[in-house]
Amino acid sequence: MPIFNQSIRRKIVGIALGLIVLMLVTSILSMVMSSQVGVLLDELTNRYIPAYGNLARANIRSLERSLALRRMVMVKMEQSSDEEAYAARLREFEQADRRIEEETSSARKRINEIINDTRTPSNDAALARIDTRIETAVSELRHGMAEDHARLLKQVDAKQMPDARGTLEHLDLLRDQFNQKIDGIRADMLKQVFAATSTVIGRQHQAIIISGLVTVLAAVVGFAFALMVSSGITRPVRLLLAGTREVEAGRFDKTIAVSTQDEIGELAAAFNRMTEQLRHNERIRETFGRYIDPKVVQGLIDRPEVAIDGQRRVMTIMFCDMSGFTSMSEGMTPRGLVKVMNHYFTVMSGPIRSNRGVIDKYIGDAIMAYWGPPFIEEDEPALFACYAAIDMADQVPALQKQLPDLLGIRAMPVPCDLRIGIATGEVLTGSIGSDLMMSFTVMGDAVNLASRLEVVNKVYGTRILISQATADAIGLNLELREIDRLAVAGQSEAQAIFEVMSKAHGLSIPQENLRTHYAEGLAAYRAQRFDDARIAFNAALEAVPGDGPSRTLLGRIAQFEANSPGKGWDGAWRLDQK
């Protein structure tokens, strides 16, 4: 059977065996070269360096011997000579003398071991000269000091101090000459130590280089062998990997060519069947994605129990409507109207989705969206909803310029604008509908309030109005202006409503003055100080001419003064008021 038609197990085992053989060869070669470096290191640490240490200690022993000799003479020259002390000093002297012989003998022994070891390279001629010089230096020391020692002992016994002092000086001279010779020998021995060290380092570098070359060679041979054996595996695997990346990127039209009869061939066939099923599912997802927000589709796929059971959650709801739509649509053809509305919804849906919102439905020219779990896990859904509203309002100037070009006319008969209402509260989320058709949506008072706030924009001439709960959730992250208190049908108490003016620290000086004067006028209006309220609202209009809420409340003041609101008036506006 050809190698490429064998099972993956046999292919992998063949590659593994080849790599193991190459690894064993490389390891054996590395062990041999490491053992050679080990021999050199052993010689350096156990012979060269100790021999040098013996020579260094020979200098020290010479000084100790001289010191012991002086102590012995000093004890002997005392008036009341202590024979026991003299004997002790004599033993110290003889011990120091023997140590000189021991150190030099040990040095010569290690040097001769280096010379006799044929496994390691060394400068045998230089080492032999060092050995001879050590022997000569010790022999000359012994020969020169033997007579002086005997003479000194006689002089000490005879109490001949001047003569003994002269003999000691001559002994010191001999000691210094010996130390100088030993220093010279040590210097030469140190050169041999350095040479041996350089040899070790060179061999170590050589071993590293050779090991690296052999490893590279083994890797190249192993790679070539593995490439030859595994070519039947890697190609279909690469094709599978490319197909997987295409699937990961959301492209399901990739088909893998089945070229082998092994397990990978079976896997490629299964992959092709999987991509075909994914293409089918994606077509379904794309179809539903045009009618249902993709977050809802994905959320229901990941957590279907949410749709079945339903949950109560605190969410933020938005209603957005195009002002002037009715008048604008009267003169349009159906085709032109569809084109305008599709472009309008495309432009306004972008900020909602980019700010993590979920579009619930399109109602005529209105958009309903919401923020909150289970589709987004954010702590500030109200803030994201208001950010989306600000971004949507920023799109209005460009939209007003685009619509005439879209229809091929010079100007729209009625300029378009937005009205947005946002409310926060507890709602019911789940699939609502009949056995024939379901819609995943949200229901509750917050939904009704958001819808009504969108409508209330007509009354105050504003773009974005939010509820008290939404304003509380936002805090200081946006610039807000309290507009009025609104009494909604079904609620016993009126609640404050606010206009979103801009993001934090985004107000101009006229807008700051507008908010300040309007707050003063609103407080006076609620206290029925209508003269003060009128002055404040007019000041607000001077700051920003045409301010809708100021003009609305000035008109309401005139109406209330004519009708005399009287006792019990709370200043709140009710939706049923005209």
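Entry 1, helix H16. I listed the buried residues of H16: Gly548, Pro549, Ser550, Thr552, Leu553, Leu554, Arg556, Ile557 and Phe560. Buried here means under 20% relative accessible area, exposed means over 50%, and partly exposed is in between (1.4 Å probe, protein chains only). Helices are DSSP runs of H or I with at least four residues, strands are runs of E with at least two, and both are numbered from the N terminus. I then checked the length of H16: its 16 residues reach 22 Å from first C-alpha to last, close to the 22 Å expected at 1.5 Å a residue. The expected span is 1.5 Å times one less than the number of residues.

I am working from a predicted model, in which local features need pLDDT of at least 70 and side-chain atom pairs count only at pLDDT 80 or more, while totals for chains, interfaces and linings use all residues. Residues are numbered from 1 along each chain as its sequence is written, and side-chain values use heavy atoms, with hydrogens and water left out.

I counted a salt bridge where a side-chain nitrogen of Lys or Arg is within 4 Å of a carboxyl oxygen of Asp or Glu. The structure holds 13 of these salt bridges. Arg534 has a salt bridge to Asp531 at 3.1 Å, N to O. Both lie in helix H15 (residues 530-543), and because they are 3 residues apart, about one helical turn separates them. Arg534 also forms a salt bridge with Glu561 (2.9 Å, N to O). Glu561 belongs to H16 (residues 548-563) and Arg534 to H15, so this pair ties together parts 27 residues apart in sequence.

Arg463 and Asp417 meet in a salt bridge, 2.9 Å from N to O. This pair links distant parts of the chain: Arg463 is in the loop between helix H12 (445-460) and strand S6 (464-466), whereas Asp417 is in strand S4 (residues 417-433), 46 residues apart. Both partners are partly exposed, Arg463 at 31% relative accessible area and Asp417 at 24%.

How many residues of S7 are buried? I found 8 of 10 in S7 (residues 478-487). S7 pairs with S8 (residues 495-503) in the antiparallel sense, over 8 bridges. Strands count as paired if DSSP finds at least two bridges between them. Arg485 stands opposite Ala496 in S8.

I looked for disulfides, taken as pairs of cysteine sulfur atoms within 2.5 Å. The count is 0 disulfides. I also checked burial: Cys320 is buried at 1% relative accessibility, and Cys386 is buried at 0%.

Which residues form a nonpolar patch on the surface? I noted Val13, Leu17, Ile20, Met23, Leu24, Ile28 and Val32, with about 630 Å² of accessible area together. Patch members have over 30% relative accessible area and no salt bridge; like charges are joined within 9 Å and nonpolar side chains (Val, Leu, Ile, Met, Phe, Trp, Tyr) within 5 Å. Areas come from the Shrake-Rupley method with a 1.4 Å probe, and for residues only the protein chains shown count as cover. Val13 sits in helix H1 (residues 8-77) and is partly exposed at 40% relative accessible area.
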